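Please read it alongside the sequence and the coordinates.

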Amino acid sequence: MSLEVDRVTKRFGHVTALDRLEFAVPRGAIFGFLGANGAGKTTTMRICLGILEADEGAVRWNGAPSTELSRSTWGYLPEERGLYPRLPVLDQLVYFAQLYGAPADRARSEAMRWLVRFRIPEYANRRAEELSKGNQQKVQFIAAILHEPDVLLMDEPFTGLDPVNLALLREAFLELRDQGRTVVFSTHQMELAEAMCESVAIVDRGRLVAGGPIRDLKRASGRRIVRIGLNGTAGTGWLDTLPGVIVRSSGVDRTELELTDGIEPAAVLAAAVANGSTVTHFELDEPSLETLFIDHVGRPADDGERTLAS
Amino acid sequence: MARSDPLLPNAAIVAQREYRDRVRSRLYLVSTVILAVLALGVALAPIAARYLDSRSVTQLAIVSSDAALAERAVGVVDALLNNPPQGVDEATWQKPFQLGVVGDPTRAEAGLAKGSYAGVIRIERQDDGRLHVTFRTPGVADATRAQLIGFAAIGLAVLDWTANLPDDAQLDPFQAPQFDLESSTASTAEGRPVSQQEIASRGFVGTVFIVLMFLSILIYGMWVATGVAAEKSSRVMELMISAASPRQLVIGKVAGIGGAGLTQYVAIAVPALLALALQDRIAQVLLGPGGVAGAPITGLTGQLLLAYGTFFLLGFTLYAFVYAAVGSFVNRPDDLQTLALPLSLLAMVGYLGALPILLTGGGGGIARLMSFLPPFSPFAMLARLMVGHVPPWEVALSLVLLVSSIVIVAAAAIRIYSAGVLLYGQRPGLRDFVAAATRIR
């Protein structure tokens, strides 16, 4: 019972947008689909939806090819946000749900429930153009889920949301997961993906460069991170001089270090004590998803604007 | 295997939304009311003209050196020009022409120059006894009036001649003859001769129909194109295309917007056409029996109306799909104007090709050919049907070709629509578009 993207290849002329892309998402999971612009995320989602046809490979849900599935299997939030500007919010939510086969009455009551939950019930009968961008985004999210799809494909769902709305959307994601729905979302925000996803796929130029449960990916990286807090006249500059230690970032009261092979965390602690510093914090951790992403792709997720025909 | 989405119910849901959106808009309601009132005004204008005509009295001066001759002329001209229509109460009916004898020719000429008289009828007896009648008017003479005065001249001559007959001559008083105009080359329909009035009426109605079809295709076709382009500019298209198939969306859109257009069209055209068809009855109610002057629409059969409805609907559908495809090419409604122009030229060729058919009563080989070629056939075949007899097989062939072309154009429009979504945000050339359209399942 899972979503399988099975060795999918898609070419646009001479450009290979997807190159034997392969990953699987278990039913009822929240899955992060990570990649820089032009990595092939939108193309993959469009192939899942049946808008585009794969040149090779297949997408399957519960073993059935996506081309044979009903449209209502999927709920889609495209990266290009759009609503009918002059249509009242509630009317367009019911309209989209009806197209997916939901009865109008039920869609209307469900839409109102979600509008209340997202704290915008007063906009139900207002035109979409009267809403702020963040509120429009919430309406689009509701449009994607009203027909109760099995799989949600969300292209950059958190982009542009303020912290309050972001928290509301996160809660909604978790609720949908608890209902047994499978959520696949793409994002540039690695902290979000790390906080919400059990598993991720990292794609670069149409290829899967890393994938699986985040914990496994971190462990497999073999990298060790130490976060240390120091008080004392010696400061933190000396940490850079320790053999086998790389300072990744320096903060006001924390410094993040990466330990290379051959050096143990205890050696760092001992060096600090020997330097006369008071250790206020000492933490051994795994690398962040952002670090893993950079390791695999060679640049941060929001860097690089390669745009494909997708 | 590609997913096969049934056309319904989604096409109907899309059509319903598109229709409701448009007919509920204030602009639609206001424009419908204004256009309906305007059309009704145009249809009723002839009645207003008749009313004004019935209220005005035209002054004519009769000048002759022979007073008896002048008085006799007043009687004859009066009988011909002031002939009361059937059914009017002669006691209350106001004569449209007032005739007066003016003794001084110079005064009559001065009155004509000043505009006091609409015409001067000068009657002189020549040396050989023959009467010489001159009708002087400023500008070009009204043909009917000149004809009647010509009759009056003959009548006057007859009267003048009878006045000189011996007293015991047993002759009845002079009566103006009845006059009809007939053509030896009159058209026939199903063996029945078609009157000149009917030919003129059908030509007139045909012209109105063709003009209405042309305007409807341009205006409502642009609605379809703008609707598609607006979905792209508001970026809602990608959401739509994941919820429904391009086929459901394009057909629903054409049906919904087309339906809204047709509703407006019916709201404008039906009252106006009814006013035209019932013009004599309306005139009779408003102006009395004197206001009736021959029905402007005759010979409009149910078959012709059915033909009009059929060719109008099919023609509109064909162009609406083309406009939907054109809307898919652009990213913003503003960019439509450039692409819409060549398309309106295509419709204009059909429109201009149909007008000579209506004017000449049939047209030649090119007109016949155009009545089969789909972009032009709705105009040309309708025009042929309006003014003459067309063999049933020709109508059937034209319809088959038209319906086939709609199927082909609709399929192409659906592909272009899908390609338009995939190339959103880019500025693709024609080649990119064709490539995108061909790779869509």
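Strand 1 (residues 2-12) and strand 2 (residues 15-26) of chain A are paired in the antiparallel sense over 8 bridges; helices (H or I, at least four residues) and strands (E, at least two) are DSSP runs, numbered from the N terminus, and two strands pair if DSSP finds at least two bridges between them. A:Phe12 has A:Val15 of strand 2 of chain A as its bridge partner. The two strands form a hairpin with 2 residues between them, and A:Gly13 in the turn has a positive phi of about 65 degrees.

Strand 1 of chain A also pairs with strand 4 (residues 56-61) of chain A, in the antiparallel sense over 5 bridges. Here A:Asp6 stands opposite A:Ala58 of strand 4 of chain A.

## Basis of the model

This is a predicted model, in which local features need pLDDT of at least 70 and side-chain atom pairs count only at pLDDT 80 or more, while totals for chains, interfaces and linings use all residues. Residues are numbered from 1 along each chain as its sequence is written, and chains are lettered from A and ligands numbered from 1 in the order in which they are written.

## The open sheet of chain A

Chain A contains an open sheet of 6 strands in the order 6-7-8-3-9-10, with mixed pairing. Strand 6 (74-77) and strand 10 (207-213) of chain A stand at the edges with a single partner strand each, so one side of each has no neighbour in the sheet. Neighbouring strands of this sheet are turned by 15 degrees against each other on average, direction ignored. Within the sheet order, strand 3 (residues 30-35) and strand 8 (residues 182-187) of chain A pair in the parallel sense over 5 bridges, and A:Leu34 has A:Thr187 of strand 8 of chain A as its bridge partner.

Helix 1 (residues 41-49) of chain A packs on the sheet and touches strand 3, strand 6, strand 7 (151-155), strand 8 and strand 9 (199-204) of chain A; its direction makes about 150 degrees with that of strand 7 of chain A. Helix 4 (residues 133-145) of chain A lies across strand 6 and strand 7 of chain A and runs at about 165 degrees to strand 6 of chain A. Axes are lines fitted to C-alpha atoms, for helices over the stretch in contact, and angles run from 0 to 180 degrees between N-to-C directions.

## Helix packing in chain A

The axes of helix 7 (residues 214-221) and helix 9 (residues 289-297) of chain A come within 11 Å and cross at roughly 60 degrees. Helix 7 of chain A is therefore oblique to helix 9 of chain A (angles under 35 degrees count as roughly parallel, over 145 as roughly antiparallel, 65 to 115 as roughly perpendicular and the rest as oblique). The contact joins A:Ile214, A:Leu217, A:Lys218 and A:Ser221 of helix 7 of chain A to A:Leu289, A:Leu292 and A:Asp295 of helix 9 of chain A; residues are in contact if their C-beta atoms, placed from the backbone, lie within 7 Å.

## Contact between the chains

Between the chains, 19 residues of chain B are in contact with 23 residues of chain A. Helix 1 (10-23) and helix 7 (237-243) of chain B each supply at least two residues of the side of chain B that touches chain A. Helix 7 of chain B gives the most to that side, with 6 residues.

Notes:
Contact = placed C-beta atoms within 7 Å.
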